[in-house]
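Subject: Structure handover and notes

Hello,

Here is the structure I said I would pass on. Please open it alongside the notes that follow.

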Amino acid sequence: MAEVRPAAAADRPRVEEIVQAAYAPWAEIIGTRPIPMDDDYAALIGAGHVFVTGPGPDGLIVLIPEDGVLLVDNVAVDPALHGTGVGKRLLAFAEARARGLGLPRLRLITNERMTSNIARYERLGYRETGREVLKGRNVVHMAKPLA
């Protein structure tokens, strides 16, 4: 499997395509477009927050350093590659990146109706830290301390 690398400006169309394809099935479940579908990927790539796998690329993660934590803002994988470990590889990269930045934990936000994602994050060591309404969506905050 290809290494995780910073996204380049030339990756933007493919990044946006992956996000749209990965999140489209959730729109019906949650009753609105998931927040990542409307993010400004040109700005996120320009700020150095987007990392991708594969030359295509085939998956991406958006990581934003905050005070004492690394925000996993978005993880998206080409639906044709779901279940192949790309997402786990990206989350492992997030852990390594947080450690490299001296940040002791990761945090993320997911929609409360994305129950399979919540369960997946819990299996990876994330725990719920709160809930709120964010941009008109009911979300679950989760965090993972790094040892």
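Below is what was found in it, element by element.

The model is predicted, so local features are given only at pLDDT of at least 70 and side-chain atom pairs only at pLDDT 80 or more, while totals for chains, interfaces and linings use all residues. Residues are numbered from 1 along each chain as its sequence is written, and side-chain values use heavy atoms, with hydrogens and water left out.

Helix H1

Helices (DSSP runs of H or I, at least four residues) and strands (runs of E, at least two) are numbered from the N terminus. Helix H1 covers residues 12-30. Just after H1, Gly31 has a positive phi of about 85°.

Buried means under 20% relative accessible area, exposed over 50%, and partly exposed in between (1.4 Å probe, protein chains only). The buried residues of H1 include Arg14, Ile18, Tyr23 and Trp26. The buried residues of H1 pack against helix H2 (41-46), strand S2 (50-53), S3, S4, S5 and H4, where contact means heavy atoms within 4.5 Å.

Two strands pair if DSSP finds at least two bridges between them. S3 and S4 run antiparallel and are joined by 8 bridges; Gly59 has Val77 in S4 as its bridge partner. The two strands form a hairpin with 2 residues between them, and Gly68 in the turn has a positive phi of about 80°. S4 also pairs with S5, in the parallel sense, over 3 bridges, and Leu71 has Arg107 in S5 as its bridge partner. Because 8 of its 9 residues are buried, S4 is largely enclosed by the rest of the structure.

Nonpolar cores

A nonpolar core is a set of buried Ala, Val, Leu, Ile, Met, Phe, Trp, Tyr and Cys residues joined through side-chain atoms within 4.5 Å. The largest one has 22 residues, of which Ile61, Val72, Leu106 and Tyr126 touch the most other members. Elements giving two or more residues to this core include strand S3 (59-66), strand S4 (69-77) and helix H3 (86-100). H3 supplies the largest share, 5 residues. Beyond its neighbours within four places in sequence, Val72 contacts residues including Ile61, Leu91, Leu106 and Tyr126. Another core, of 18 residues, lies apart from it, with Tyr23, Val50, Leu60 and Val62 among its members.

Aromatic pairs

Rings of Phe, Tyr and Trp (its six-membered ring) pair if their centres lie within 6.5 Å; planes under 30 degrees apart count as stacked, over 60 as edge-to-face and the rest as tilted. There are 2 aromatic pairs by this rule. Phe51 and Phe93 have ring centres 5.0 Å apart and planes at 50°, so this pair is tilted. Phe51 is buried at 4% relative accessibility, whereas Phe93 is partly exposed at 21%. Tyr121 and Tyr126 are edge-to-face, 5.5 Å centre to centre and with 65° between the planes.

Regards

Terms used: The expected span of a helix is 1.5 Å times one less than its number of residues.
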